[in-house]
Amino acid sequence: FNKNVTFTPRMLLVDLKGSLKYLQEDGNLYNSNQLELNNPQNKVPDQVRGTIDWNEEIEVMESEEAPVPSYQKTLMEKGIADGEEFNLKDTISNWPDFMYTRYHPRSINIVKDYEYRDDLSTLDTFSAGAQLWNGSFFEDDFCDKIRNYVEECDNCQGFQTFFDAIDGFAGVSIKCLEYLQDEYSKSILAIPLIPPRAKNFQFADEAMSDSIRVINIAYSYAKLAEYSSLFVPLSTMGRGWRNIGEARSFPFANYEADNTYHSSSILASFLDTMSLGFRLKDAQTFLPNFCSELSIYNRRMCGAK
């Protein structure tokens, strides 16, 4: 009997169907088998094929196999990618392509109602996201996972939430914050994110997509003031309204503004530095203190520089 000790963040991630591509939803952290590179999410397994009566008129649709970047292939084979160079900025298209952390089987949660697309955003409005939360998937399974993580904590300080503020994920996140506030009464640090490249929404042209994005952001900010202890909007762009404006310039940083790998690296560096005060083992402060010190006179919104 071999016991392997692993360390995973207490995190719950929500994304759309098809976003994982070649990765398994429950991960491979506690399985002996490597990730199945040639088994995309929508491919019909052989055991299912055997149960189909092919005499009937049944149409089987299978998605194409998603290409696996060399960085992920190396991680799957060796478990580490040190000592090799990877052109990540030109070879990645979504977050699984440059993911290094292997998450707990309960961490990744996929919404089956909407399909992920590289060219369009299918989960469009705040209300559509809020309606998703009222379904059985979130109300039962997702809330149970939150409770499981909280019960595993020795001393739960609070919650950190990161979400896209421009689309329907804003509605899902706000409903989640409302649930956390009602059930746990802990500090909530919310980080609404505005990406450097905004995709058009499905069934909407560019002008209509800009209007929907503005409404989603405005509605998010209004609700964040009510349900969070502190919220800090983040973006590498100069503005986050109808016109996202020019990209910000950072000393000693040369990056491509529309490259999500570059922009996410900058934001991740800020988040890592900002949260060190309450994440360290011998931390001198705690999340509730951090939020209260920056929300003087009950002003819940804080700027990041």
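For burial I use relative accessible area: buried means under 20%, exposed over 50%, and partly exposed in between (1.4 Å probe, protein chains only).

I have a predicted model open, where local features need pLDDT of at least 70, side-chain atom pairs count only at pLDDT 80 or more, and totals for chains, interfaces and linings use all residues. Residues are numbered from 1 along each chain as its sequence is written, and side-chain values use heavy atoms, with hydrogens and water left out.

**Entry: aromatic pairs.** I looked up ring pairs, meaning rings of Phe, Tyr and Trp (its six-membered ring) with centres within 6.5 Å; planes under 30 degrees apart are stacked, over 60 edge-to-face, and the rest tilted. The structure has 13 aromatic pairs. I began with F137 and F138: their planes stand at 85° and their centres 4.9 Å apart, so this pair is edge-to-face. F137 is partly exposed at 28%, while F138 is buried at 1%.

**Entry: F159 and Y184.** Next I checked this tilted pair, with 5.7 Å between centres and 55° between planes. F159 sits in strand β3 (residues 158-164) and Y184 in helix α6 (residues 169-184), so their contact ties together parts 25 residues apart in sequence. Here helices (H or I, at least four residues) and strands (E, at least two) are DSSP runs, numbered from the N terminus.

**Entry: the cluster.** I then followed the ring pairs and found W133, F137, F138, F142, F159, Y179 and Y184 linked into a cluster.

**Entry: a charge over a ring.** Last, I found R106 over the face of Y149, 4.6 Å from the ring centre. The criterion is NZ of Lys or CZ of Arg within 6 Å of the ring centre and within 35 degrees of the ring normal.
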